[in-house]
Amino acid sequence: MAETRPGPTGVLLLDKPAGYSSTQALARAKRCLQASKAGHTGTLDPFATGLLPLVFGEATKFARFLLDAGKTYRATLRLGVETTTGDTEGTEVARAAVAVDTAMIDDVLAQFVGVSDQTPPMHSAVRVGGKRLYELAREGVEIERAARRIEISALERESFDGDELVISVACSKGTYVRTLAVDLGRALGCGAYLTGLRRTAVGTFRLEDATSLEALEAAGPIAGRGRLLPVEVLVQGLPRCDCRAAEAQRFSHGQEIAAPAAPAASEVAVFGPEGRFLGVAAAAGARLAPLRLMATDALREAP
């Protein structure tokens, strides 16, 4: 029987192009890397571009740690018009004169910084009764949606020219920038919709470190795999525990081990000799119980 090589394991920072859903971008990246096991860490609308971290192999086990990370966007708004979807995919439903200046814009932007409740738009992927909201919206159905608690930690004007406003947004997961654009337009008294959206950061990851699908295809699967970051970058926000060889072996086989010191968090990233990432543990007093483990034979392929 022919020997099969393990698929790639790691994290790819992708600069998603416009016109691709997150799933379509993932499928193309999988083909580029000749990977079988992969996933994405949160979606980007097809018309949006920018940073989309993808996980391969063993990294799929730890994707949830990035799903909860904060996001940063550069959003372009057209003032004076509202659409049915809050972006370029909808039809115009309202129009008003734009009579604002930079001082007024900055004042309104400041009002949206902080914690608030935001209602998901009908044109979103939220499921209600087994159906996506956007599916209901396409059928002409609108239903009540429960508001969600979000936080906008920073909201700044980058440029303003005529009816075009460009802003930077740093926000919590689950924030709909399309809804924010509509709300900002109404607060300015003229309406607005989103004409462009580019995600520039996810947690500590930055867009300038991402690669394009074209560059990935040009590199080929071996060189492309060399662009993968190690799995442990996904858990860099957790406290770290380094253990000796005997403890590492027990932990990797699903057994509890003693913590060298009482952890300050409920979850801990566990590493063995030579800094090898072993997995994530639940901390209970002075004991560490395995939650998610790297496969014992998992290897990050070299280019």
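The legends below describe an overview and close-up views of a predicted model.

Residue numbers start from 1 along each chain as its sequence is written, and side-chain values use heavy atoms, with hydrogens and water left out. Because the model is predicted, local features need pLDDT of at least 70 and side-chain atom pairs count only at pLDDT 80 or more, whereas totals for chains, interfaces and linings use all residues.

**View 1. Overview of the protein, with seven helices and 18 strands.** Helices (H or I, at least four residues) and strands (E, at least two) are DSSP runs, numbered from the N terminus. Of the 303 residues, 44% count as buried, a term for under 20% relative accessible area, with over 50% being exposed and the range in between partly exposed (1.4 Å probe, protein chains only). Among contacts (heavy atoms within 4.5 Å) with a separation of 6 or more, 69% join residues 24 or more positions apart. The protein exposes about 15,000 Å², of which carbon and sulfur atoms supply 49%; accessible areas come from the Shrake-Rupley method with a 1.4 Å probe, and for residues only the protein chains shown count as cover.

**View 2. Packing of helix 1 (residues 22-33) and helix 6 (residues 213-225).** The axes of the two helices come within 7 Å and cross at roughly 40 degrees. Helix 1 is therefore oblique to helix 6, given that angles under 35 degrees count as roughly parallel, over 145 as roughly antiparallel, 65 to 115 as roughly perpendicular and the rest as oblique. Axes are lines fitted to C-alpha atoms, for helices over the stretch in contact, and angles run from 0 to 180 degrees between N-to-C directions. Helix 1 contributes Ala25, Arg28, Ala29, Cys32 and Leu33 to the contact; the residues they meet in helix 6 include Leu213, Leu216, Gly220 and Pro221.

**View 3. The pairing of strand 18 (residues 287-293) with strand 15 (residues 257-258) and strand 17 (residues 277-284).** Two strands pair if DSSP finds at least two bridges between them. Strand 15 runs antiparallel to strand 18 and is joined to it by two bridges, with Leu288 as the partner of Ile257. Six bridges link strand 17 to strand 18, also in the antiparallel sense; here Gly279 is partnered by Leu293. Strands 17 and 18 form a hairpin with two residues between them, and Gly285 in the turn has a positive phi of about 65 degrees.

View 4. The structure holds zero disulfides, defined as pairs of cysteine sulfur atoms within 2.5 Å. Cys243 is buried, with a relative accessible area of 8%.
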